[in-house]
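User: I would like to learn how to read the packing of a protein chain from its coordinates. Can we work through an example?

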Amino acid sequence: MIDERQFRADLFYRLSVFPIELPPLRGRTEDIRLLVHHFAMHYAARMRKPIMSIAEEFIAACVRHSWPGNVRELQNVIERSLILSEGPVLNGTLSNGTCAPKASAPVTLEETERSHILQVLQQTDGVVGGRGGAAAHLGLPRTTLIAKMKRLGIDSAHGSAVSDPVLRMPAREEMSDAVAS
């Protein structure tokens, strides 16, 4: 890849000082319990949260998860769980949408794009335009997002221009009422 200029040579040499081969976390399930405990205690101390124990159900869920993001994903889940914790026992969930998608994840670019747009629309309560709208979150012009939504078959029930209050132009009656008052 370096010869084809697809990978920076200086970065390769920085990374290859001493190569260590480490299997993915899903292949080292015996390490998960120790890592959960380590990260929980680390973040509890940092956040000054009095965590005394970790729920066994939470640890079991962590052991069952496939961890496509490896240790970094586990670390983020533990940190998020600690932020949301409200007692001395750490409970967490892996189903809040921030973890990796399940086996039914989209497989084509179009399905992924549709899924991502729908997720952002849900986060913005269906608002397409404006500062807090889905278009701003996606880094797209509002008109481009609307065109993509039409192309992908995302209908007004999911926040398209038809039902979106930010994009809906007032009817003439509303305009005349507003001018009159």
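User: What percentage of the residues of the protein chain count as buried?

Analyst: This is a predicted model. Buried means under 20% relative accessible area. By that cut-off, 26% of the 181 residues of the protein chain are buried. The accessible surface comes to about 12700 Å², and carbon and sulfur atoms hold 56% of it.

User: Which secondary structure elements does the protein chain have, and in what order do they run?

Analyst: The protein chain has eight helices and two strands. Read from the N terminus, the order is α-α-β-α-α-β-α-α-α-α.

User: How much of the contact set comes from residues 24 or more positions apart?

Analyst: Among contacts with a separation of 6 or more, such pairs account for 56%.

User: Which residues touch the most other members of the largest nonpolar core?

Analyst: In soluble globular proteins, nonpolar side chains tend to be buried together. Here the largest nonpolar core has 21 residues, and Val36, Phe58, Cys62, Trp67 and Leu74 touch the most other members. Two or more residues come from each of α2 (29–47), α3 (56–64) and α4 (70–84). The largest contribution, seven residues, is from α2.

User: Which residues is Leu74 in contact with, leaving aside neighbours within four places in sequence?

Analyst: Leu74 contacts Leu25, Leu35, Val36, Phe39, Cys62 and Trp67. There is also a second, separate core of eleven residues, with Val120, Val128, Ala134 and Leu145 among them.

Conventions
Residues are numbered from 1 along each chain as its sequence is written. This is a predicted model: local features need pLDDT of at least 70, side-chain atom pairs count only at pLDDT 80 or more; totals for chains, interfaces and linings use all residues. Side-chain values use heavy atoms; hydrogens and water are left out. Helices (H or I, at least four residues) and strands (E, at least two) are DSSP runs, numbered from the N terminus. Buried means under 20% relative accessible area, exposed over 50%, partly exposed in between (1.4 Å probe, protein chains only). Contact means heavy atoms within 4.5 Å. Accessible areas come from the Shrake-Rupley method with a 1.4 Å probe; for residues, only the protein chains shown count as cover. A nonpolar core is a set of buried Ala, Val, Leu, Ile, Met, Phe, Trp, Tyr and Cys residues joined through side-chain atoms within 4.5 Å.
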